[in-house]
Amino acid sequence: MELILAIALFAFSSGITPGPNNVMLMSSGVNFGIKRSLPHLTGICLGFPCMVLAIGLGMSALFQTYPVIHLVIKYIGIAYLLYLSWLIANSSSKMEGKQTSNPLSFIQAAAFQWVNPKGWIMAVGAIATFTNLDTALTPQVLTIAAVFLGVAFPCAMTWLGFGVALKRLLKNERQQKIFNISMALLLVVSIIPMVSP
C-alpha cells in the first residue's frame, strides 16, 4: 500500500504540473469547451498508461539496443510540437463566428504521448524508481500503469476546467488571440529540454 501511495504522489505531482499535455488541454478548454475536448482528454489519460506499459515491458530495452529509434522519435516529437504550437497560435475562436481548427482526437492525443518529452521522463522515471528487479516485473509495471490511469483523469480535468473557466475572462477576440499565442509559445518553450544537450 505504501508503494501505491508513493507512485500516486509521483503520478499526481508530475501529472498536475505544466507540460505539453496540460498546456494543450487548457488551450482546448478555452477554444472548444469541455464536451468537444473530451476525446483529447481521454486520449491522454488512456494513452499515457499504455505507453508506461510498453516502455516497462520492453521498449526501453529496444531503445538501448537501437538508440537511433529513440532519436527518430525525439525529432518527430519536436516537429509535431512545433506544428501543434502553430495550430494553437492560429486557432480561431467562436467569437469570430467560425473555427478553423478542431481539438485533438482520441487517437491523436494517445499517439502524442509517444512524442511528448515530459511523458517520456515521467514514464521512464516511474519505472526506474518503482520497480524492483528481484521480483516479477510485469505485475509491477501493471501497478504503475494502473495508478497513472487513476491519477490522469483528475489532473487532466483540472487543466481542461481551468481553460473553460479562463474562457469567461477572455472578453473579446483580441484577448483570446493573445491567449492562444501565449499557449503556443509555452508549448515551444517545453521543447527546449528536448533539444538541449
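Q: At what angle do H1 and H6 pack?
A: About 35 degrees, with the axes of H1 and H6 9 Å apart. Axes are lines fitted to C-alpha atoms, for helices over the stretch in contact, and angles run from 0 to 180 degrees between N-to-C directions. Helices are DSSP runs of H or I with at least four residues, numbered from the N terminus. This is a predicted model: local features need pLDDT of at least 70, side-chain atom pairs count only at pLDDT 80 or more, and totals for chains, interfaces and linings use all residues. Residues are numbered from 1 along each chain as its sequence is written, and side-chain values use heavy atoms, with hydrogens and water left out.

Q: Is the H1 and H6 crossing left-handed or right-handed?
A: Right-handed. That label applies if the near helix is turned clockwise from the far one by less than a right angle; anticlockwise is left-handed.

Q: Which residues meet there, H1 against H6?
A: From H1, Ile4, Ile7, Ala8, Phe10, Ala11, Phe12, Ser14, Gly15 and Ile16. From H6, Thr143, Ile144, Val147, Phe148, Val151, Cys155, Thr158 and Trp159. Contact means heavy atoms within 4.5 Å. By class, that is 13 nonpolar, 4 polar and no charged residues. Ala, Val, Leu, Ile, Met, Phe, Trp, Tyr, Cys and Pro count as nonpolar, Asp, Glu, Lys and Arg as charged, and the others, Gly among them, as polar.

Q: OK, H1 and H5. How do they cross?
A: At roughly 165 degrees, with axes that come within 11 Å. That makes H1 roughly antiparallel to H5. Over 145 degrees counts as roughly antiparallel, under 35 as roughly parallel, 65 to 115 as roughly perpendicular, and the rest as oblique. The H1 and H5 crossing is right-handed.

Q: And which residues of H1 and H5 make the contact?
A: Leu3, Ala6, Ile7, Phe10, Ser14 and Gly15 of H1, with Lys118, Met122, Gly125, Ala126 and Phe130 of H5.

Q: What about H5 with H6, what's the angle?
A: Roughly 135 degrees, and the axes come within 10 Å. H5 and H6 are therefore oblique to each other. In H5, Met122, Ala126, Ile127 and Phe130 meet Gln140, Ile144 and Phe148 in H6. The residues of that contact are 6 nonpolar, 1 polar and no charged.

Q: New topic. How many cavities of 30 Å³ or more turn up?
A: The search finds 1. The largest cavity has a volume of about 230 Å³. On a 1 Å grid over the protein atoms alone, a cavity is a set of points where a 1.4 Å probe fits but cannot get out; a pocket is an open set with protein on both sides within 12 Å along at least five of seven lines; lining residues have an atom within 4 Å of a point. Grid points are joined across faces, edges and corners, and a volume is the space filled by probe spheres set on the points.

Q: Which helices supply at least two residues of the cavity lining?
A: H1, H2, H5 and H6. The lining divides into 10 nonpolar, 8 polar and 1 charged.

Q: And the largest pocket, how much space?
A: About 280 Å³. Of its 17 lining residues, Leu84, Leu87, Asn102, Pro103 and Leu104 are the closest to its centre. H2 gives the most to the pocket lining, with 6 residues.
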